[in-house]
Amino acid sequence: MFSLSSSNRYYLYNQACDMRKGFHGLSGLVTAQMGKDPISGDVFIFINRRATHIKLLHWEF
């Protein structure tokens with residue numbers, strides 16, 4: 001079961017994101033643009049240009 005808590009670290013991608021991107025595209029942004037590891041257990045937040053949609057990327061072990 002997917003769960004979020006205060007023990008997670010949250011990172012907001014500070015640019016508009018194409019919501020058509022899937023896991024591989026978003027993990028590429030995390031690695032290349034944010035300099036983080038997408039399978040670290042952290043939560044990465046992506047928002048579209050109009051701020052009407054949100055995606056979270058989180059790897060659970």
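## Asn-48 and its loop

Strands are DSSP runs of E of at least two residues, numbered from the N terminus. In this predicted model, the loop between strand 2 and strand 3 (54-58) holds Asn-48. Asn-48 counts as buried because its relative accessibility is 14%, and the cut-off for buried is under 20%.

The side chain of Asn-48 has polar partners in the backbone. The backbone nitrogen of Thr-52 is reached at 2.8 Å, and a polar atom of the Asn-48 side chain lies 3.0 Å from the backbone nitrogen of His-53. Apart from residues up to four places away in sequence, Asn-48 touches Ala-16, Cys-17, Met-19 and His-53.

## The nonpolar core

The largest nonpolar core has 8 residues: Tyr-13, Cys-17, Leu-26, Leu-29, Val-30, Phe-44, Phe-46 and Leu-57. At least two residues of this core come from each of helix 1 (23-32) and strand 2 (43-47). Helix 1 contributes the most, with 3 residues. In soluble globular proteins, nonpolar side chains tend to be buried together.

Tyr-13 is one of the core residues. Not counting residues up to four places away in sequence, Tyr-13 touches Leu-29, Gln-33, Met-34, Ile-45 and Phe-46.

## Gly-41

Gly-41 is found in the loop between helix 1 and strand 2. With a relative accessible area of 15%, Gly-41 is buried.

Beyond its neighbours within four places in sequence, Gly-41 is in contact with Asn-8, His-58, Trp-59 and Phe-61. Gly-41 and Phe-61 are separated by 20 residues in sequence and by 7.6 Å in space, C-alpha to C-alpha.

Note on methods:
Residues numbered from 1 in each chain as written. Predicted model: local features only at pLDDT ≥ 70, side-chain atom pairs only at ≥ 80, totals over all residues. Heavy atoms only, no water. Core = buried A, V, L, I, M, F, W, Y, C linked by side-chain atoms within 4.5 Å. Buried < 20%, exposed > 50% of the residue type's maximum accessible area, 1.4 Å probe, protein only. Helix = DSSP H or I, 4+ residues; strand = E, 2+ residues; numbered from the N terminus. Contact = heavy atoms within 4.5 Å. Polar contact = N/O pair within 3.5 Å; in protein donor to acceptor, adjacent residues only side chain to side chain.
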